[in-house]
Amino acid sequence: MAIDTIDYALADQERMEITNPRLKKLYNYLSEVGKNVYSDHFLLSNAVFSKSNLSLSSLGDYLGGQEPKRVSFLFSLRKIIRYFLKNFGWLFVFLMQHLAYKFSRQKFVFDFTKPLTLIDIFFKPEQIAKNGDLNDRYFPGLEAKLKAKAISYAYVPRFFGAEFPMHYYNMFRQLKEKKKPVLSTFKLLGFCDYLKMFTFIFIYPVRVLRQTGKLEESREGKLLRCLIWEAMDQTAVKNFSRQLFGRNISKLSFSEIKCISWYENQPQDKNFYIGLRTIPEKVKIFGAQLYIWPTSVLNLYVDKNEISFRVIPDRILVNGSYYLRNESTLDFKVGPSMRYARLFQTHVDARNKTTLLVLMPFFEHEINEILKMINEAKLSEKIFIKFHPSTNISKYTKQLEGVMQVTEDDIYTLFDRVGCVIGQSTGALVEATSLG
């Protein structure tokens, strides 16, 4: 059994669309604001303008018809201070990770005689270091296909999870031993790029605040102002580093480059794509939305208004005909759902099993609410808690009490050990339902 608070409305619609009228109005407002924002490449690093990581608390108030909260001076000051501390802190740690890469002696050897295919997915350094190898959960089987066709390829990872440099050292050592073709950010970024990131940290908040001052006094304008301030302390420079990485890739002496990218339309994606397009027509980008997602996640709707800013893939591969769009300006195709191959190779039997599996969403607010409900329920049965891969689990240690057990096991292994799956805003619930 799978339980979810998000209505996927698969039976009610022929195409994926935003059904909530207020949410639709907010999306259209953000789309119009984007027309004035994305000519500034620094603002590609802002999550709110990308319609992602929106505060669920403020968004919930807006959808409930309440007026957006006013932003106080002390709140703004605290956010600005946290912004500088977090972004300079990240840049320092990033430099240490770069040193860890240098000491690991992991290298990618360029072969400019062949076209290059890039595989743009997430890497979790701690997990790779622990497992001793790269396990591609995004495009399983793709590497074998490229090898069989003698296609020159390289992983261009987005790192997430543990920031400790030693994890990066161990990861790169493992990748070197396994001879994995990984072209990392650290291979291409130099002193000038670090100087650009340092400068970005100072200029970025000024550019964001300048745009905030231009917002109208409508309910959507007030909400957007509130959302921008709530997200002000995010590590925007991390997104900008992907733009610099993409620029350097574009300048490499390959005759042709293709990029197969796990596409969530996040700031990191937009930055990477515009960087890859530094030299026009050289790189062709395939954005893979080969996953199941709920109607409420606004950033996953590809915005045709952003095409002119060069931040949209040349072709978008989706999970099925339900996700196709009738937009002549956007190139949508149904792609291979490699991630769900095990769905057709697995049989589970949930009878006489009482253990629960809770699949956590990406959003911090929702995680806190779910853990609060579990603790209040005072259940006696064992509960497996599986967090989203990008979640910092240490934030929730105090809330993980009693019968709750955190697991990093594969979901298909877990499905065969539990009687009930509970979650929110995750496509894994559809997989659980499909397996009964």
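This report describes helices, loops, salt bridges and surface patches in a predicted model.

## The enclosed helix α11

Helix α11 spans residues 267–276, and because 10 of its 10 residues are buried, the helix is largely enclosed by the rest of the structure. The buried residues begin with Pro267, Gln268, Asp269, Lys270 and Asn271, and they continue with Phe272, Tyr273, Ile274, Gly275 and Leu276. What do these buried residues of α11 pack against? Their partners are the strands β2 (116–120), β5 (158–159), β6 (257–262) and β7 (283–289), together with helix α10 (236–250).

One of the buried residues of α11, Lys270, also takes part in a network of salt bridges, in which it is linked with Lys51, Asp303 and Glu306.

The backbone of lysine 51 has a phi near 65°, which is a positive value in a residue other than glycine.

Asparagine 265 is found in the loop between β6 and α11, and its phi, near 55°, is likewise a positive value in a residue other than glycine. Is asparagine 265 buried or exposed? With a relative accessible area of 2%, asparagine 265 is buried.

## Salt bridges between separate parts of the chain

Side chains of opposite charge can pair when their charged atoms come close. The structure holds 20 salt bridges, and one of them joins aspartate 233 to arginine 82, with the closest N and O atoms 2.7 Å apart. This pair links distant parts of the chain, since aspartate 233 lies in the loop between α9 (219–230) and α10 while arginine 82 lies in helix α3 (residues 73–104), and the two are 151 residues apart. Aspartate 233 counts as buried at 5% relative accessibility, whereas arginine 82, at 41%, counts as partly exposed.

A salt bridge is also formed by the side chains of aspartate 331 and arginine 315, at 2.9 Å from N to O. Aspartate 331 belongs to the loop between β8 (315–318) and β9 (332–334) and arginine 315 to strand β8, so the pair ties together parts that are 16 residues apart in sequence. Aspartate 331 is partly exposed, with a relative accessible area of 27%, and arginine 315 is partly exposed as well, with 28%. In another salt bridge, the side chains of aspartate 410 and arginine 342 meet at 2.7 Å, N to O. Here too the pair links distant parts of the chain, as aspartate 410 is in the loop between β12 (404–406) and α13 (411–415), arginine 342 is in the loop between β9 and β10 (356–359), and 68 residues separate them. Aspartate 410 has a relative accessible area of 25% and is partly exposed, and arginine 342 is partly exposed with 37%.

## Charge and nonpolar groups at the surface

Which residues gather in a patch of positive charge on the surface? The patch is made by Lys102, Arg105, Lys107, Lys176 and Lys187. Among them, lysine 176 lies in helix α6 (residues 165–177) and counts as partly exposed at 36% relative accessibility.

The surface also carries a nonpolar patch of about 570 Å², which is made by Phe73, Leu74, Leu77, Ile81 and Leu85.

Lysine 180 has its place in the loop between α6 and α7 (185–188). In contrast to lysine 176, which counts as partly exposed, lysine 180 is buried, with a relative accessible area of 14%. What does lysine 180 touch, if residues up to four places away in sequence are not counted? Its contacts are Gln106, Asp133, Leu134, Glu143 and Leu175.

Conventions: Residues are numbered from 1 along each chain as its sequence is written. This is a predicted model: local features need pLDDT of at least 70, side-chain atom pairs count only at pLDDT 80 or more; totals for chains, interfaces and linings use all residues. Side-chain values use heavy atoms; hydrogens and water are left out. Patches are made of residues with over 30% relative accessible area and no salt bridge: like charges are joined within 9 Å, nonpolar side chains (Val, Leu, Ile, Met, Phe, Trp, Tyr) within 5 Å. Accessible areas come from the Shrake-Rupley method with a 1.4 Å probe; for residues, only the protein chains shown count as cover. A salt bridge is a side-chain nitrogen of Lys or Arg within 4 Å of a carboxyl oxygen of Asp or Glu. Lys and Arg count as positive and Asp and Glu as negative; His and the chain ends are not counted. The place of a charge is taken as NZ of Lys, CZ of Arg, CG of Asp or CD of Glu. Helices (H or I, at least four residues) and strands (E, at least two) are DSSP runs, numbered from the N terminus. Buried means under 20% relative accessible area, exposed over 50%, partly exposed in between (1.4 Å probe, protein chains only). Contact means heavy atoms within 4.5 Å.
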